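Please open the structure in a viewer and keep the selection tool at hand. The stops below are to be visited in order.

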Amino acid sequence: LLSQAALGCRAAQVLMQYCILANHYWFLVEAVYLYKLLIGAVFSEKNYYRLYLYLGWGTPVVFVVPWMAAKYLKENAEGGDAGHLHCLPPPPPQINLLIFMRILKVILAKLRANQKGYADYKLRLAKATLTLIPLFGIHEVVFIFATDEQTTGILRYVKVFFTLFLNSFQGFLVAVLYCFANKEVKSEMKKKWQLWKLDH
């Protein structure tokens, strides 16, 4: 029987794989949601809320369960640790890249139609592009073909650094861009602050 420490380690490994995949699939949900908003989908958002939840939280299970089974069978066959048996890479980064390019095309068309000045719309397109990159997880696509097994030397260190750096600060960057820098959010926070000051 496995010791409690070994079981805890395996549970942490499974949870980590699930969280990584859930992160990827929530990028996909964000991309699909924004694309629907920009295209002006006629369907009510109520119809898609449950589907978004299943896609974001449920789809990773489809990858993690077979990975767990394969890891368990390999460990039993080899009589020990299965080593670095990686979970299958999810398709969301590639799908997000396609949606990202389609959204940029829509934004470009809208900006060109309403342009006040040539430089102005190019600057706004650049700003939109830079803010969409962390939201969609486009940075994941940069090293998608450079797997851990294929990268050696300096390239491996560069890949690890950028992957860890971008993944670590991605949530913070998205929160700053889409929450704290949002005019409506700032207005609500200002109201709450004024109410708190009046109460105290």
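The tour that follows names what to select at each stop and describes what is found there.

This is a predicted model, in which local features need pLDDT of at least 70 and side-chain atom pairs count only at pLDDT 80 or more, while totals for chains, interfaces and linings use all residues. Residues are numbered from 1 along each chain as its sequence is written, and side-chain values use heavy atoms, with hydrogens and water left out.

**Stop 1: the annotated spans**

Select residues 25-44, 51-69, 125-146 and 158-181, which an unreviewed UniProt entry lists as "transmembrane region". UniProt positions are given here in the numbering of this structure, feature names are shortened, and annotations may be inferred rather than shown by experiment. Residues 51-69 are 100% helix and 0% strand, with end C-alpha atoms 27 Å apart. For residues 158-181 the figures are 96% helix and 0% strand, and the end C-alpha atoms lie 30 Å apart. Helices (H or I, at least four residues) and strands (E, at least two) are DSSP runs, numbered from the N terminus.

**Stop 2: T59**

Next, select T59, which is placed in helix α2 (residues 46-78). Is T59 buried or exposed? With a relative accessibility of 19%, T59 counts as buried; buried means under 20% relative accessible area, exposed over 50%, and partly exposed in between (1.4 Å probe, protein chains only). Leaving aside residues up to four places away in sequence, T59 touches Y25 and Y54, a contact being heavy atoms within 4.5 Å.

**Stop 3: the aromatic rings**

Now select Y33, Y48 and Y52, which form one aromatic cluster. Rings of Phe, Tyr and Trp (its six-membered ring) pair if their centres lie within 6.5 Å; planes under 30 degrees apart count as stacked, over 60 as edge-to-face and the rest as tilted. By this rule there are six aromatic pairs. One of them joins Y33 and Y52 edge-to-face, at 6.1 Å centre to centre and with 85° between the planes. Y33 lies in helix α1 (residues 4-39) and Y52 in helix α2, so the pair ties together parts that are 19 residues apart in sequence. Y33 is partly exposed, at 36% relative accessible area, whereas Y52 is buried, at 8%.

**Stop 4: the nonpolar core**

Select I99, F100, I103, I107, L132, L135 and F136, the residues with the most contacts inside the largest nonpolar core, which has 19 residues. Such a core is a set of buried Ala, Val, Leu, Ile, Met, Phe, Trp, Tyr and Cys residues joined through side-chain atoms within 4.5 Å. Helices α1, α2, α3 (92-113) and α4 (118-136) each supply at least two residues of this core. Its largest share, six residues, comes from α3. Among the residues that F136 touches, not counting those up to four places away in sequence, are F27, E30 and N96.

**Stop 5: the salt bridge**

How many salt bridges does a search of the whole structure find? The search finds one, a salt bridge being a side-chain nitrogen of Lys or Arg within 4 Å of a carboxyl oxygen of Asp or Glu. K191 forms a salt bridge with E188, and the closest N and O atoms are 3.5 Å apart. The two residues, K191 and E188, are three residues apart in helix α7 (residues 183-199), separated by about one helical turn.
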